[in-house]
Amino acid sequence: MECSICNNDLCNTNFKGINFKFCKNCNTVYIKTNELKKALSYFDRIDIIDFLEKTDAILIKEKNYNCSICGQKMEKISFEDVILDRCKQCSIVAFEDGELSKFFSKFSNEFEICSNIQFINKYFEQSENVNTDSIKEVK
């Protein structure tokens, strides 16, 4: 699967059994809503999934990307002050660089705001087939 933003290959990783994909080039993280629901259950906030799945798209001056799986245009949605990309058909939410920590910081003050790769390296248990040591942050 290729990144919707930069067309590079995506890598697989996991967090406490939660699988997701991320792009080593632009640091975008892609999570299916059923996997995101597992993550939100740690904070007793699975109600957020309904919001992410059912909320209306917003119109903003940010580029809309096509879904990496189905090719359809992804929608922009807003969760508090975090703008996310969503594919309703594939049930995927894309977190551009920095959005992952902003999103999770809404549920716990243990998370500092940082780039997606810093967040993954600090808080996520990585699967055996992913080595983030060589991943460079996008500046």
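Me: Is Lys76 buried or exposed?
Reply: In this predicted model, Lys76 has a relative accessible area of 2%. Buried means under 20%, so the class of Lys76 is buried.

Me: Which strand holds Lys76?
Reply: The residue belongs to a strand that covers residues 75–79. For Lys76, that element is strand β4.

Me: What is the length of the polar contact between the side chains of Lys76 and Glu96?
Reply: Glu96 is one of the residues that Lys76 touches. Their side chains are also joined by a polar contact. Its length is 3.5 Å.

Me: How many disulfides does a search of the whole structure find?
Reply: A disulfide requires cysteine sulfur atoms within 2.5 Å. The closest cysteine sulfur to that of Cys67 belongs to Cys87 and is 3.6 Å away, so the pair is too far apart for a bond. Cys70 is likewise in no disulfide, with the sulfur of Cys87 the nearest at 3.6 Å. Over the whole structure, the number of disulfides found is zero.

Me: What is the relative accessibility of Cys67?
Reply: Cys67 counts as buried, whereas Cys70 is partly exposed, with a relative accessible area of 28%. For Cys67 the relative accessibility is 5%.

Methods:
Residues are numbered from 1 along each chain as its sequence is written. This is a predicted model: local features need pLDDT of at least 70, side-chain atom pairs count only at pLDDT 80 or more; totals for chains, interfaces and linings use all residues. Side-chain values use heavy atoms; hydrogens and water are left out. Buried means under 20% relative accessible area, exposed over 50%, partly exposed in between (1.4 Å probe, protein chains only). Helices (H or I, at least four residues) and strands (E, at least two) are DSSP runs, numbered from the N terminus. A polar contact is a pair of N or O atoms within 3.5 Å; within protein, one must be able to donate a hydrogen and the other to accept it, and residues adjacent in sequence count only if both atoms are side-chain atoms. Contact means heavy atoms within 4.5 Å. Lists of a residue's contacts leave out its neighbours within four places in sequence.
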